[in-house]
Amino acid sequence: MSGTASDPRSERLLLEPEEILARQAYEIPRVRLPARGSLFAGRAARLRRLAQGHTLADYLGFVAAVAEAQQACLLALSDPPLPPAEKQEQNREFGMPVLNALTLHRDPVWRAILRDLLARLVQLDLPAELKATLERFAGQSDDYFEAQASKLLASNLQGLNVAVAPLLAAALQVYWVAMATALGEEAFPQLPIPNVCPCCGTRPTASVARIGAAEAGYRYLHCALCATEWHMVRVKCANCESTKDIYYQSIDDGRPGREHAIKAECCDACNTYLKVLYMERDAEMEACADDLASITLDVLVSETGRPGSGVNYMLVQGNSGTP
Amino acid sequence: MDINRRQFFRTCTAGLGGSSLVMLGFSPLAAQAETRQFKLARTTETRNTCPYCSVGCGIIMHSLGDKAKNATSEIIHIEGDPDHPVNRGTLCPKGAGLLDFVKSPSRVKFPEVREAGSNEWKRISWDEALDRVAKHMKADRDANFMAKNAKGDTVNRWTTTGMLAASASSNESGYLTGKVMRSLGMLVFDNQARV
């Protein structure tokens, strides 16, 4: 059985010869939970590096500040209450996500996380207008937060405050990561539906072809909410599971196509795409950060009439465009 | 509900106008302008089986170009298939050099013949090649086919010609190879895909 995400195995690049022999019949690690101590800090650091010279440098810098605040909130948090054991078992038995984002009865602790997060952010050196938006949001009622969270998790844009949705999502991410890591990988069996997160049932942000001793080359889908990663074979549509007519679009930067670190995996069967991040070509990549920073690829691919199937809560699109 | 969800996923330059980015006071203008400088490159990844040996490792071949249009496609990279149960992404040194094998200038792409006494290879058509092979086989079989052995037992064997079939064959082509060759009485043949 695979270890936890903090398992030193995933940090190493090479296996010892005896280990290779011992693991002749090894299983692909199906589920990888995020490392609670470093997920958001790593995301923030990556965003800060990507922001340098980027056309969206200011926004990436702000999302990095949000990720730093998320890490601080997560470290300050003790394990949040979990759904009752019988409810968890019931979800497992019926092939439902154990911490189902749509049906889980959220503990009020997530609102405390949100208030903590906003309090940390308004202390930063931010533009006055942005600070005012954050302060207005922080002053909202518990009922408002609950209603907004339900809309966001259901991907329901009707009445969702799109401007502050990333901050709402940031608090929910901290809450779900804390619950998921408290339960451990063994708590999340594979779902009969492979295109949503086995932990919370949310869609992926992007997919990552990983490196490292245990996961080399395997492709994982990265959950938009709880950052859990689950295995999905390569050259297969992550949305409809078609393996026919899959092809890849990447930004032509003059280098040979095999060196492109981020590609949009396009499927003609369901007419969607999801990005693949090849860590072999850039070992520093982080799904949420690199998905956000590669928005040019999203724009170019979606202009060909193909919407993405991934969700990135750090950039929520409003309904200003034509439906 | 479904309409809302579709909007949620859409990212486009117009859509950035209504996104959290703009509504929090950040400008998408530089990013929108930059988009105009780029175009997309298309690649495909195709699963296949390594042709070298009977292990039958899974490979992924990366190629450039659009099969649907008249553009020439070109294989640019070959790697082990991480999801293949036989090799789990690994390749032996020969398999790892497959790209050079595909692009080798001395790779045989059509039938050639070097006539007796000549030192030059001459290109011939497939029909011609198959006719020549068939004629050689028939001449040899007519001369050497053994219906009975020294004791008078019926053996119906032909041992002076042999055949080696390829490793990347499917089960079905392995079966057909066996049927065709055995029906001629051939004993000396092997199929790399036998394991």
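Trainee: What radius of gyration does chain A have, and does it agree or disagree with that of a compact globule?
Mentor: First, this is a predicted model, in which local features need pLDDT of at least 70 and side-chain atom pairs count only at pLDDT 80 or more, while totals for chains, interfaces and linings use all residues. Residues are numbered from 1 along each chain as its sequence is written, with chains lettered from A and ligands numbered from 1 in the order in which they are written. The radius of gyration is taken over C-alpha atoms, and the globule rule is 2.2 Å times the number of residues to the power 0.38. For 323 residues a compact globule would be near 20 Å, so chain A agrees, at 19 Å.

Trainee: How much of chain A is buried?
Mentor: A residue is buried if 20 or more other C-beta atoms, placed from the backbone, lie within 10 Å of its own, exposed if 12 or fewer, and partly exposed in between. In chain B, buried residues make up 16% of the 195 residues. Among the 323 residues of chain A, the buried share is 49%.

Trainee: Which element gives the largest share of the side of chain A that touches chain B?
Mentor: The contact takes 51 residues from chain A and 44 residues from chain B. On the chain A side, 26 are nonpolar, 18 polar and seven charged; Ala, Val, Leu, Ile, Met, Phe, Trp, Tyr, Cys and Pro count as nonpolar, Asp, Glu, Lys and Arg as charged, and the others, Gly among them, as polar. The largest share, seven residues, comes from helix 10 of chain A.

Trainee: Which strand of chain B pairs with strand 5 of chain A?
Mentor: Two strands pair if DSSP finds at least two bridges between them. Here A:Ser250 stands opposite B:Ala41. Strand 5 of chain A pairs in the antiparallel sense, over four bridges, with strand 1 (residues 40-49) of chain B.

Trainee: And what angle does helix 10 of chain A make with strand 5 of chain A?
Mentor: The open sheet has 10 strands with mixed pairing, and helix 10 of chain A packs on it, touching strand 5, strand 6 and strand 7 of chain A together with strand 1 of chain B. Axes are lines fitted to C-alpha atoms, for helices over the stretch in contact, and angles run from 0 to 180 degrees between N-to-C directions. The direction of helix 10 of chain A makes with that of strand 5 of chain A an angle of about 125°.

Trainee: Is A:Gly305 buried or exposed?
Mentor: A:Gly305 lies in the segment after helix 10 of chain A. Because A:Gly305 has 7 other C-beta atoms within 10 Å, this residue is exposed.

How values were computed: Two residues are in contact if their C-beta atoms, placed from the backbone, lie within 7 Å. Helices (H or I, at least four residues) and strands (E, at least two) are DSSP runs, numbered from the N terminus.
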